[in-house]
Amino acid sequence: MSHKDVLVEVKNLKVVFGKGKNKFIAIDDVSFDIFKGETFGLVGESGSGKTTIGRAIMRINEVREGQILYHGKKLNGKISKEWDREITQKIQMIFQDPMASLNERAKVDYIISEGLINTKNIKNEADRQQKVRNALLNVGLLPEFSSRFPHEFSGGQRQRIGIARALVMEPEFIIADEPISALDVSIRAQVLNLLANLQQQNDLTYLFIAHDLSVVRFITDRTAVIYKGKIVELAETEKLFTNPIHPYTRALLSAVPEPNPYKERDKVVEIYDPSQHRYDIQPPSFFEIEEGHFVLANEEELERYRTSLKMEVSK
Amino acid sequence: MTQTNSPILTIQNLVIKFTLRGRVLMAIRNISLDLYKGESLAIVGESGSGKSVLMKSIMGLLDKNGHIDQGQILYNNQDLAQFRTEREWLSIRGKEVAMVTQDPMTSLNPLKTIGKQIEECVHLHQSLKGKAAYEETLKLLKDVGIYDVEKRYKQYPHEFSGGMRQRIVIAIALACKPKILICDEPTTALDVTIQAQILQLLKNLQQKYGLTTVYITHDLGVVAKVADRIAVMYAGDIVEVGKTHEIFFNGKHPYTWALISSLPQLGSKGQQLYSIKGTPPNLFQEIKGDAFAPRNQYALKIDFVERPPFFQVSDTHYARTWLLDPLAPKVEPPEALQEFFAEGRRYAHES
């Protein structure tokens with residue numbers, strides 16, 4: 001994995017909402033890389049800041065400190081017009097709720113081509129129609145649907161329209177913010193398969209934000225666990241799920257109900273108690289505990305995590 | 001887990017219809033179901049399969065354009081399907097059957113303290129007043145795992161987190177002293193860690209209060225955790241019903257197979273996840289045969305013509321599929337599922 005090209009670099013990112021007394025630090029000193037062609041998962045509870053990170057990369061939320069690099073070039077703060085136009089096209093987003101994220105008054109044809117029109121990315125009308133047509137076909141919808149309104153579609157179909165709208169821009173990088181949590185179980189599988197196919201066909205990189213850990217395990221290559229604005233653990237997904245180190249990750253994983261009544265009956269859910277960390281004495285930092293596996297800890301904890309990891313491995 | 005118990009509620013040949021812009025939609029298509037005393041039943045299905053409608057009909061909460069067309073709902077020697085007036089329903093609603101809904105953000109009154117909201121029910125259903133009602137309210141708050149109850153009593157819903165609000169909603173339901181508690185997607189709006197706590201709480205309360213619980217959900221993980229028995233619904237019909245392990249590891253209906261196969265836990269990375277082709281049927285049209293047949297790769301000719309009866313698999317396990325007919329060709333469930341079944345059998349051996 002480590003030989004891959006880095007596409008997105010997030011360095012010491014800090015996002016703050018409000019001022020003075022009402023100051024709220026949503027993201028505190030977060031750093032991670034996303035490699036080209038991978039699916040990077042970001043999991044955490046509501047309010048943990050996972051969406052804020054996605055929005056900071058989209059340049060919707062202002063970055064207070066730190067920087068975000070895309071292809072090694074700075075993306076936040078003051079940037080040139082050409083670069084701005086390029087990343088507007090190259091980075092796209094898929095939203096959670098397909099009921100709320102599509103313009104109810106616009107036809108599918110317009111919804112999909114709005115981005116193209118705004119970025120003046122079309123030669124003529126025929127070109128635009130062709131692009132809309134291709135985008136619809138790519139997501140498994142019929143081109144005839146372009147003259148319909150969003151309310152005429154089911155939840156799964158709307159989410160496909162949302163994906164088509166992102167795809168038509170020919171992006172490299174897609175931020176998918178809970179793209180399937182509003183969908184039914186059977187539709188969920190269809191959309192997951194679609195996302196995986198599109199990634200292969202179009203050589204896409206995904207940032208996959210979700211709270212459903214079983215989905216994250218299935219679709220992502222690497223995963224970062226975020227708790228109260230800090231990444232507490234980051235590793236290859238399988239490693240993270242089989243060998244969670246940080247107590248919060250362990251608690252989170254143990255809380256996921258599995259579709260097995262026998263396992264569920266005997267399962268003990270671990271509870272995370274943040275007061276177990278003595279960070280007042282020694283503040284934590286982000287350590288690489290084994291190759292590609294990072295954890296937030298202070299020296300004393302790190303020692304403990306190392307021994308527990310050795311025991312796990314020797315088992 | 002006591003199957004020997006007698007049914008507390010019996011649904012027989014229930015048909016529920018809705019009228020929408022002059023057209024008639026058949027939401028529940030001839031369902032029969034027993035609910036046993038003290039058990040925990042999960043009703044599983046996609047949105048639009050009718051699981052919520054079925055449970056709302058038990059409480060007389062169907063929307064105005066819906067009505068019970070046929071069938072009976074027997075509870076305490078009464079037929080709830082014959083109820084016409086609100087007064088009749090009031091003897092059931094809350095007192096006998098209470099409900100916990102999906103979204104704790106919208107099910108509480110934002111203008112009243114949570115203490116008052118609980119006390120309201122204590123007063124109405126337990127006829128307690130003044131100090132006694134107050135004490136009972138505090139006890140309920142403690143029961144649902146809230147600390148510092150005197151202070152919490154005076155607070156408003158917006159001062160509580162999502163998980164805490166759901167606890168309050170549960171306390172209100174319990175204040176009615178119901179026999180049956182219906183939980184409609186009780187944890188869908190909550191985080192996984194909170195979800196685990198709420199589910200554990202519901203399980204404990206079921207024991208403590210001797211409740212019969214019905215969970216309505218589409219999350220099979222939740223089902224595995226809480227249910228003794230599962231009823232799988234598709235297009236307004238129950239297609240399979242059985243004990244939890246029977247449905248998970250010995251399911252017989254192709255829809256049950258499809259539902260379990262599409263879980264991401266069963267997929268392997270880099271490969272296509274099983275997904276059900278097509279869309280659920282249009283309930284405005286009359287459904288012939290097995291409603292799942294058009295999406296079913298194992299469908300037989302008869303599936304398109306005649307509705308399958310319930311075939312018995314075990315004493316507690318029934319499935320509505322022609323595949324179980326002695327004349328039907330033998331069909332193996334999909335490969336990914338066979339592994340899952342084998343794993344289940346291993347666990348069954350161990351326990």
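**Strand pairing, nonpolar core and chain interface**

In the predicted model, Thr10(B) stands opposite Leu74(B), a residue of strand E4 of chain B. This pair belongs to the region in which strand E1 (residues 7-20) and strand E4 (residues 66-75) of chain B run antiparallel, joined by 8 bridges. Both strands are part of an open, antiparallel sheet of 4 strands, arranged in the order E2-E1-E4-E5 in chain B. The edges of this sheet are taken by strand E2 (23-36) and strand E5 (78-79), each of which has a single partner strand, so one side of each lacks a neighbour in the sheet.

Pro7(B) is also located in strand E1 of chain B. Residues up to four places away in sequence aside, Pro7(B) touches Asp34(B), Leu35(B) and Tyr36(B). Pro7(B) has 15 C-beta neighbours inside 10 Å and therefore counts as partly exposed, the class that falls between the limits of 12 or fewer for exposed residues and 20 or more for buried ones.

In chain A, strand E1 (residues 6-17) and strand E4 (residues 65-70) pair in the antiparallel sense over 5 bridges. Within this pairing, Glu65(A) of E4(A) is the bridge partner of Lys14(A). Strand E4(A) is also joined by 2 bridges to strand E5 (residues 73-74) of chain A, again in an antiparallel arrangement. Here Tyr70(A) stands opposite Lys73(A) of E5(A). The hairpin formed by E4(A) and E5(A) has 2 residues between the strands, and His71(A) adopts a positive phi near 55° in this hairpin.

The secondary structure of chain A comprises 11 helices and 12 strands. With a radius of gyration of 21 Å, close to the 20 Å given by the globule rule for 315 residues, chain A is as compact as a globular protein of that length. The C-alpha trace of chain A spans about 65 × 50 × 45 Å along its principal axes. Buried residues account for 42% of the 315 residues in chain A. Of the contacts in chain A between residues at least 6 apart in sequence, 63% join residues at least 24 apart. Helix H11 (residues 299-314) of chain A contains 16 residues and reaches 23 Å from its first C-alpha to its last, close to the expected 22 Å. This helix is hardly covered, with a count of buried residues of 1 among its 16 residues.

In soluble globular proteins, nonpolar side chains tend to be buried together. The largest nonpolar core of the model has 175 residues, and those with the most contacts inside it are Ala164(A), Leu192(A), Ala171(B), Ala173(B), Val223(B) and Val232(B). Helix H6 (residues 162-175) of chain B contributes the largest share of this core, 8 residues. Beyond residues up to four places away in sequence, Val232(B) touches several residues, among them Val44(B), Ile238(B), Ile247(B), His253(B) and Leu259(B).

At the interface between the chains, 29 residues of chain A are in contact with 35 residues of chain B. On the chain A side, helix H6 (185-202), helix H7 (213-219), helix H9 (247-255) and helix H10 (261-266) each supply at least two residues. The most is given by H6(A), with 6 residues. By class, this side of chain A has 15 nonpolar, 8 polar and 6 charged residues.

Methods. Residues numbered from 1 in each chain as written. Chains lettered and ligands numbered in written order. Predicted model: local features only at pLDDT ≥ 70, side-chain atom pairs only at ≥ 80, totals over all residues. Contact = placed C-beta atoms within 7 Å. Nonpolar A, V, L, I, M, F, W, Y, C, P; charged D, E, K, R; others polar. Expected span 1.5 Å × (residues − 1). Core = buried A, V, L, I, M, F, W, Y, C linked by C-beta atoms within 7 Å. Rg over C-alpha atoms; globule rule 2.2 N^0.38 Å. Pairing = 2+ DSSP bridges.
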